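User: I would like to go through this structure step by step. Could you show it to me, please?

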Amino acid sequence: MTKPPATIFALLDCNNFYASCERAFNPKLRKRPIVVLSNNDGCVIARSAEAKALGIPMGAPAFKFQPLFRKHGVAVFSSNFALYGDMSRRVMDTAARFTPDMEIYSIDEAFLRLDRMHDRPLDVARRIRATIQQWTGIPVSIGIGPTKTLAKVANRVAKKHPEHGGAFSLEDHPDRDRILTDIEIEDVWGIGRQYGKKLREFGIRNALQFSRLDKDWVRKRMTVNGMHTLLELQGVPCLPLEQTVATPKSIVCSRTFAGSLTDKDKLAEIISGYAARTGERLRAQGCVAGHLQVFMLTDRFRLDRPQYSNAAVSSLVAPTSRTPDLIRAARKVLDQIFKPGYEYRKAGVMLFGIEKEQGRRLHLFEPSPEERARSKAVMETMDRINAKWGAMTMRLGAEGTGKRWVMRQAHLSPRYTTNWRELPVVRLD
Ligand SMILES: [Mg+2]
């Protein structure tokens, strides 16, 4: 029997992504510490390397750290998900030029297959990294390994040790064992804090110790997923590109219009349609979202026209994937930010605060279980019909009936609900 050709995975991860997006457009921020705040500027959700070095923790309440921000000249930003979504698309588009085998894993991470290429994977990774830096201004780190889990480990090494120049390969690395010893058990992809705690009770503290455990022992205690992690750490690929089940950090639906738009009702129809599409993607992944953002802008290139752009976020009463809830929230935001007298060129809806529907803690304001079951059935029927007969065969009245603003080709062809790889692709143009 011949051995199947070895797989080579790369994990591309943007460094301090939100902070890097802010910096990409403002060279004055180059060496300055940056923090990005959550909705309503509550707490820190992203930090630049300099901000981390100042000891500002993730989730730090902004008001408490104000004096420290001032003292060290920290640049503070409200989160701008429209920008981050667009930058993410640019980074992913750039990476996709190098290989068609790519899985966008989150707003700032993607797995790539680097086998089936002529050049050495590490050389390809260095080229991808340099190109992304040059074209988007976003620094990325790339880890390479024979499995996705080892690519994740390699990525940590690339990030932690700048002497590797932002790319590191664990493919046949002589020091693989030593490197795995340095990875805390909780930090292994797929293990997390809960299993980490249990494993520590058994004296398993790092990735190497875990990788030497007995297969059946792991399967019994951590299901087949745990066993996959074990095998992957040993270099046996178990997770192909498409089949990772991840929760995306955000889902975006947006378009540049063919012409410009001034009419609020038309805009409301379009935005309702976008909200419905994001809802479909959310449901296809078994997720719910806690926040919805609407953004809109005029044509930046028409300097002869008055310019306006705005975005606002509505926090949903309880995390939801129901289209009517999303449309209602989107329309509420539109009411807040719409200004008459401008020619709008682009608008979009972005969902974030995304979590798996199953197994999440229920919210205080959650509808009753019966009510949830009923609306779930309605949504499922709608998704099935649309998957079979084409996107938007069945839609809600709020989305409008006119075909003129319905950009069929831009959105979900039915495969989007079944082909994981195409799901989180951000389309802003
Ligand atoms: Mg990152």
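User: Are Asp13 and Cys14 buried or exposed?

Analyst: Asp13 is buried, and Cys14 is buried as well. Buried means under 20% relative accessible area, exposed means over 50%, and partly exposed lies in between, with a 1.4 Å probe and protein chains only. Please note that this is a predicted model, in which local features need pLDDT of at least 70 and side-chain atom pairs count only at pLDDT 80 or more, while totals for chains, interfaces and linings use all residues. Residues are numbered from 1 along each chain as its sequence is written, and side-chain values use heavy atoms, with hydrogens and water left out.

User: Which residues are the protein donors of the magnesium ion?

Analyst: The donors are Asp13 (OD), Cys14 (O) and Asp108 (OD), which lie 2.2 to 2.5 Å from the magnesium ion. Donors are N, O and S atoms within 2.8 Å of the metal (3.2 Å for Na, K and Ca), and sites may look incomplete since water is not among the atoms.

User: How are the donor residues spaced in sequence?

Analyst: Their spacing is D-C-x93-D.

User: What is Phe17 in contact with, leaving aside its neighbours within four places in sequence?

Analyst: Phe17 is in contact with Tyr84, Met87, Ser88, Ile107, Asp108 and Ile138. Contact means heavy atoms within 4.5 Å.

User: Which residues touch the most other members of the largest nonpolar core?

Analyst: They are Leu12, Phe17, Tyr84 and Ile128, in a core of 37 residues. Helix 4 (residues 81-96) gives the most to this core, namely seven residues. The core also draws at least three residues from each of domain 1 (1-173 + 409-429) and domain 3 (250-395); the domain bounds come from an automatic or database domain assignment. A nonpolar core is a set of buried Ala, Val, Leu, Ile, Met, Phe, Trp, Tyr and Cys residues joined through side-chain atoms within 4.5 Å.

User: What other core lies apart from it?

Analyst: Another core has 33 residues, including Ala275, Met296, Leu334 and Ile354. In soluble globular proteins, nonpolar side chains tend to be buried together.

User: New topic: how many helices and strands does the chain have?

Analyst: The chain has 13 helices and twelve strands. Helices (H or I, at least four residues) and strands (E, at least two) are DSSP runs, numbered from the N terminus.

User: At what angle do helix 6 and helix 10 pack?

Analyst: Helix 6 (residues 148-160) and helix 10 (residues 215-233) pack at about 65°, and their axes are 7 Å apart. The axes are lines fitted to C-alpha atoms, for helices over the stretch in contact, and angles run from 0 to 180 degrees between N-to-C directions.

User: Which residues make the contact?

Analyst: Helix 6 contributes Lys148, Thr149, Leu150 and Val153, and helix 10 contributes Thr229, Glu232 and Leu233.

User: What is the phi of Thr223?

Analyst: Thr223 has a positive phi of about 55°, although it is not a glycine. Thr223 is placed in helix 10 and is partly exposed, with a relative accessible area of 41%.

User: Where is Asp172?

Analyst: Asp172 lies in the loop between strand 8 (167-169) and helix 7 (176-181). Its phi is near 50°, a positive value in a residue other than glycine. Asp172 is exposed, with a relative accessible area of 70%.

User: Finally, what percentage of the 429 residues in the chain is buried?

Analyst: Buried residues make up 50% of them.
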